[in-house]
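Biologist: Before we discuss this model, could you put the sequence and the structure side by side, and then take my questions in turn?

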Amino acid sequence: MRVTSPSLKRWLFSTNHKDVGVLYTVTSLVFFFVAGALALLMRAQLAAPFGRVLSGEVFNTYVTIHGLLMILWVLSPLAIGLANYFTPLQLGARDLAFPRLNALSYWFYLFGGFAMVLSFFFGGPNTGWTLYAPQSACNDPLCSPPGINVAAAGLILLVGSITMGSINFIVTIFKMRAPGLKLKHMSMFPWAILITVFMMLYAFPSLLAGLILLYSDRSFPGRLAYLSTAQGGNVPSLLWDNIFWFFGHPEVYIVLFPAIGVVGEILPTFTRRPLYGAKYITMSIVVAAVISFIVWGHHMFITGVSPLTTTLFTVTTIAVSLPFDVMTVSFMETLFRAKIRLKAPVLFAIGSIALFVIGGITGVFLASIALDHNLRGTYFVVAHFHYIMVGAGILALMGGLYYWFPKMTGRMYNERLAKLHFALSFISFNVLYFPMFLLIEMPRRVFFYTPDTGWAPLNGLATIGGLVFGFSQLLLVANLGRSLRKGAPAGPNPWDGWTLEWAVPSPPPLHDFDHIPVITEDGVVHLSGGESHPVASGIGDGHSIPHSSHSSRWPIVVALGAFVFLLGLTMGSGPPGILQLTPGVVIGLVGLYGYGKESFIVHEDEKVESWPFKAISRMRFGVWTFLASEIIFFGVLLSAYLFVRINSFAWPPLGYFDIGKGFLNTNILLTSSLTAVLALASAKAGSRNGVVASLLGTFALGAYFLYNKALEWEELAIGEHLAPIGSIFDNFPLAATSYYITTGVHGVHVFAGLAMIAYLLPRALKSADLRHQSQTILYFGLYWHFVDIVWIFLFPLFYLI
Amino acid sequence: MSVKVYFAVFGILVGVTAAEVALIGVQGISRSLTTTTLIGLAGFKALLVAAFFQHLKDEPRPLSALLLVGLVIAIALMSISFLQLHPLDL
């Protein structure tokens, strides 16, 4: 790819955290307007009885794409955009730990958004953002052609983006803080981001696992059908409910916490006093994050599950509201009797808190099983979550945009216009959503209603509010767009802020800090006299010397390859042909080859604060963090196995899965783990022959494992040798689904490991410094052993139990 | 870590795998005890691989916590299979 325009080159190839932050922020705003336009059309449809603006099918598709885009492509990415730009600055770092991975995250996010928008042209997902089974599965009349598949491709890219981003932020925050900057010194925004990315790391693999089930269900109906099978009563739909909400409910807090972090930055600055109870706010966020993983069942109160679980989830749901009380009270105490400078950012922050209180309290109503029975699926719920998502989330993040705009651009925005934007947004928001609390008899996904329902006045009012709210957002674009060129110079610290980003010029230089700041025990910052670090990443932006070696064209190519591959995989109905997959595979391989071959060295600074992970390198820490997400991913697949195993009517008897073959394959993988660790030992000892032989051995064993697996797959499918029972598909469809998906996903992991060995072997042969190569072999080994561990559990679960 | 340790760990892993297969042929053990034992043995093998082959025992302790949190969360989801539809089986 040859790009000559310096400006285009910068935005396409930059890996600098500030550039990537700007890309995230601007892209999320574009998606905000796309998804907002869909919402306005839905409001137009519902403005009066017998609406004729949209057909039912289109309305359903708009509801789905609006929800998915707003939650996943607007709210979190807007926060991640700000986090990209400001977290390294607030930590006293020069960039994120893995700059190229950061760029890759962005491009996965963007192409994922393209796929989501494209899905509309393939028939569109029409099930609501929850993609509930069995509606989302192909056997159902509601199932649309490939629309849901393409949407799933977009979601898979997004999960990839989020997983890479989470790893990057976790490693950065733990390993790259300025000397002396302890965790306790961090302000609220980096704290909120740290907890958010941990939640992302643990929650999103569940969505990925769910999407794989959904895709296999739609592509191989009747064969790999977890979600649309006629077996097992309501088990399949409950399975999706569990997997989706296991991700979906933590997602609410994933969206909310960065907003709380932004409010926690704005309030101290504009009240000129420390955040009241900052330590307790942080602890509350941690507690809420933990509890948020055990509340998902409250979305299933009326699905016929046992009273024991509904009671448990009622308790946890009420419990999760308590930490938010602490946060709200702390914010109010910070504001109480303070001399507040009423600038736009703080107005947005205060507005956000007020709306959060309303959204939060109405959420507690829904924790009650009795109330939930009546309120669920009505506009009361729509009002509740929009008060949280838009009221608390978007408004706070917009406050953050105004707050940090001077730092990002070096120019002030127009204060009067910003205040008008706030006033219009706040008032119209309440005109839009408060009437919905009163529409407690109106189902949330109807696309028309009749006059005798009495819903017309409140709907009309909501539509007026929606129109004003929607169009008032143009003030934000007009204000920031104009100020970008004509705003008054901001200077380095227009708000007299206390955090580290205000200590550098506006906009910050490419390398962030001329001298890495040093923080003393009591939190005092020393900005000069530290060590000078000439190395920066990214392409020059006119503020500093360009370091073109730290730009990379490969992240966008890799992401494009993944996008084209997934489109090929999902565009048609049923399994794709080779031709559909080839372009994506080719582009992806070219990208990965370039990515791997490119020299892109990020030096690890010794003088950083990295407790409690001082003794581990960034890369190794990153690989381990990835494996933590893999634990959840396979955990969810095993949960699906367990769910159908316990609840299905029929399961193959002991011996149906050939124990001898399972035993052989287990020993093959265990031996491959031994050879992998011997490769590491050989590299450390400087033995090239040892490394090559061990890696070749690992490759051969991995390939032999896959060969055996393929034979076994075929045998089970045909069933000739399994008399008197016969094919697994004919006799045990749920067991077949579970077996093929679980071992199939594991097999893909083995295949990826073989590809890694194919990459490592030539390097081991050529490398002058084998000890240096040992690090790469170690990273590979961590992955390979993990894949081995997964099989260690699959063997007894399928063959012995 | 010496190569001898790796071979010793490998030997244990293969031995325990053989024991797993042998266990299902033993008469007189209840199905639930067999299942629990097999899961326990798989956990033991996984722990060995993580501790010695992945060198987790030499890594900072908080790293183990990071992985343990993932494990606990995954188990929370698995537990729902027992609680949600068959609460009386407990």
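Biologist: Into which domains is chain B divided?

Modeller: This is a predicted model, in which local features need pLDDT of at least 70 and side-chain atom pairs count only at pLDDT 80 or more, whereas totals for chains, interfaces and linings use all residues. Residues are numbered from 1 along each chain as its sequence is written, with chains lettered from A and ligands numbered from 1 in the order in which they are written. Domain bounds come from an automatic or database domain assignment, and for chain B this gives domain 1 (1–58) and domain 2 (60–90).

Biologist: How many helices and strands does chain B have?

Modeller: Both are DSSP runs numbered from the N terminus, helices being H or I over at least four residues and strands being E over at least two. From the N terminus on, the elements of chain B run α-α-α, and the count is three helices and zero strands.

Biologist: What radius of gyration does chain B have, beside that of a compact globule of 90 residues?

Modeller: The C-alpha atoms of chain B fill a box of roughly 50 × 35 × 10 Å along the principal axes. The radius of gyration is taken over C-alpha atoms, and the globule rule is 2.2 Å times the number of residues to the power 0.38. A compact globule of 90 residues would be near 12 Å, but chain B has 17 Å.

Biologist: Which helix of chain B gives the most to the side that touches chain A?

Modeller: With residues counted as in contact if their C-beta atoms, placed from the backbone, lie within 7 Å, the contact takes 40 residues from chain B and 48 residues from chain A. On the chain B side, α1 (3–23), α2 (31–53) and α3 (61–84) each supply at least two residues. The most, 16 residues, comes from α3(B).

Biologist: How many nonpolar, polar and charged residues does that side of chain B have?

Modeller: Ala, Val, Leu, Ile, Met, Phe, Trp, Tyr, Cys and Pro count as nonpolar, Asp, Glu, Lys and Arg as charged, and the others, Gly among them, as polar. By these classes, the side of chain B that touches chain A has 30 nonpolar, seven polar and three charged residues.

Biologist: How far apart are the centres of the two domains of chain A?

Modeller: The assignment for chain A gives domain 1 (14–247 + 557–638) and domain 2 (650–801). Taken over C-alpha atoms, their centres are separated by 28 Å.

Technical notes
Contact = placed C-beta atoms within 7 Å.
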